[in-house]
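Visitor: I would like a close look at one part of this protein, namely its charged side chains and the way they pair. Please take me through it with care.

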Amino acid sequence: MSSLKLLPSLAKRLPYGRQQIEEDDIAAVVKVLRSDWLTTGPAIDAFEVAVARYVGAEHGVAVSSGTAALHAAMYGLGLGPGDEVIVPPMTFAATANAAVFVGATPVFADVDADTLLIDPSEVSRKITSRTKAIVAVDYAGQPCDYEALRPIAAKHGIALIADGCHALGARADNRCVGSLADMTAFSFHPVKHITTGEGGMVTTDDAGFAQRMRTFRNHGITTDHRQRTERGMWFYEMADLGFNYRISDFQCALGHSQLNKLDVWISRRQEIARRYDAAFAGTSISGLKTREGISHAYHLYVIRVPRNRQEVFVRLRDAGIGANVHYIPVHLHPFYGERFGYGPGLCPVAEAAYQQILSLPMYPAMTDDDVDYTVDCVFEAIAAV
Ligand SMILES: Cc1ncc(COP(=O)(O)O)c(C=O)c1O
């Protein structure tokens with residue numbers, strides 16, 4: 001039990017992340033529900049255009065999840081068996097899984113100890129003649145070192161994909177995540193910056209990639225209007241094997257309405273982070289380093305607990321704090337051991353960080369009081385272990 005003296009009825013219940021749904025979001029969804037189009041309609045196009053414009057990319061291709069977005073990006077590049085894709089271990093499994101979906105091999109490059117972002121020198125070390133892409137994960141909402149990664153990708157003639165699922169609205173050198181790599185995947189899961197329930201998108205400047213991904217999300221079906229005239233208005237062709245990764249119009253209406261509030265919500269996330277930073281400054285608890293010249297979107301607020309993380313975690317949960325651990329390094333999952341022979345020792349920096357990290361509650365509706373309560377609980381838990 002926590003040593004906190006709060007009565008259970010007074011204790012808070014703070015998840016590590018949660019959506020914020022307001023009346024205008026509900027009205028936007030209801031409007032689409034009353035319209036003719038529930039899927040493949042105009043709300044999807046409008047959301048794609050709005051997100052692409054926000055991040056400064058030419059195209060947005062909306063799909064049913066962030067995982068589908070990563071899969072579409074791998075397909076868009078034309079990756080397959082024999083190809084290698086460099087990924088970091090400190091991420092959600094979907095980042096690496098997307099390479100496996102297309103038959104490619106994920107190759108893990110360790111992260112930087114201070115930021116837990118993929119380490120460009122490790123990326124260089126892992127490149128072989130089979131490497132076709134690098135996936136950079138903007139972990140916790142902080143953009144990776146794209147200034148270092150872009151020249152590596154260019155030198156070897158390989159693609160740079162951003163897994164920006166944590167980082168919608170983050171910036172580096174005044175450019176948004178979404179326009180810093182050849183393709184960027186976003187997730188609109190409820191714990192992310194804006195939500196569509198489930199959903200995702202890929203942004204890119206490359207019209208060819210965008211076209212391939214649009215076909216891929218719809219079973220690989222193409223409709224050529226010239227052929228329709230010649231062969232019949234019903235005519236369509238399945239040119240390649242695709243999936244049903246479509247997103248619905250009412251989901252996109254929700255996402256579009258939420259996008260209008262993204263900047264305000266990110267400002268609030270940054271305020272919360274500053275409050276946590278100030279509280280932990282000069283104590284045994286350290287946060288992650290923020291790179292120069294970036295604007296952090298704080299999907300997560302991650303601390304390193306100096307000792308006994310497991311017990312601190314349990315004590316926080318007992319006190320109503322929905323602490324979490326992001327992530328178990330992906331190469332340690334049994335699937336990756338069995339399929340690729342990966343295991344402990346492959347990425348020592350990520351493995352050491354995993355022993356200490358803890359994500360604290362972080363979402364725009366948190367009050368200062370919620371933050372202070374979380375901080376008090378962290379100090380009490382650490383003092384007790
Ligand atoms: C880094 C990262 N990549 C990919 C995904 C997959 O996104 P989704 O849950 O929308 O499929 C997530 C989701 O948590 C994620 O955190």
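Visitor: In what kind of contact do the side chains of Asp 25 and Lys 261 meet?

Guide: This is a predicted model, in which local features need pLDDT of at least 70 and side-chain atom pairs count only at pLDDT 80 or more, while totals for chains, interfaces and linings use all residues. Residues are numbered from 1 along each chain as its sequence is written, and side-chain values use heavy atoms, with hydrogens and water left out.

The side chains of Asp 25 and Lys 261 meet in a salt bridge, at 2.9 Å from N to O; the term stands for a side-chain nitrogen of Lys or Arg within 4 Å of a carboxyl oxygen of Asp or Glu. This pair links distant parts of the chain, with Asp 25 in helix H1 and Lys 261 in the loop between helix H9 (249-259) and helix H10 (262-280), 236 residues apart. Helices here are DSSP runs of H or I with at least four residues, and strands are runs of E with at least two, numbered from the N terminus. Both Asp 25 and Lys 261 are buried, where buried means under 20% relative accessible area, exposed means over 50%, and partly exposed lies in between (1.4 Å probe, protein chains only).

A search of the whole structure finds 18 salt bridges, and one of them joins Glu 48 to Arg 217 at 2.8 Å from N to O. Here too distant parts of the chain are linked, since Glu 48 belongs to helix H2 (residues 42-55) and Arg 217 to the loop between helix H7 (207-216) and strand S10 (221-222), 169 residues apart. Glu 48 counts as buried because its relative accessibility is 4%, and Arg 217 likewise counts as buried because its value is 14%.

Another salt bridge is formed by Lys 12 and Asp 369, whose closest N and O atoms are 3.1 Å apart. Lys 12 lies in the segment before helix H1 (23-33) and Asp 369 in helix H14 (residues 368-384), so the pair ties together parts that are 357 residues apart in sequence. With a relative accessibility of 21%, Lys 12 counts as partly exposed.

Beyond these pairs, a network of salt bridges links Arg 268, Glu 271, Arg 275, Asp 368 and Asp 372.
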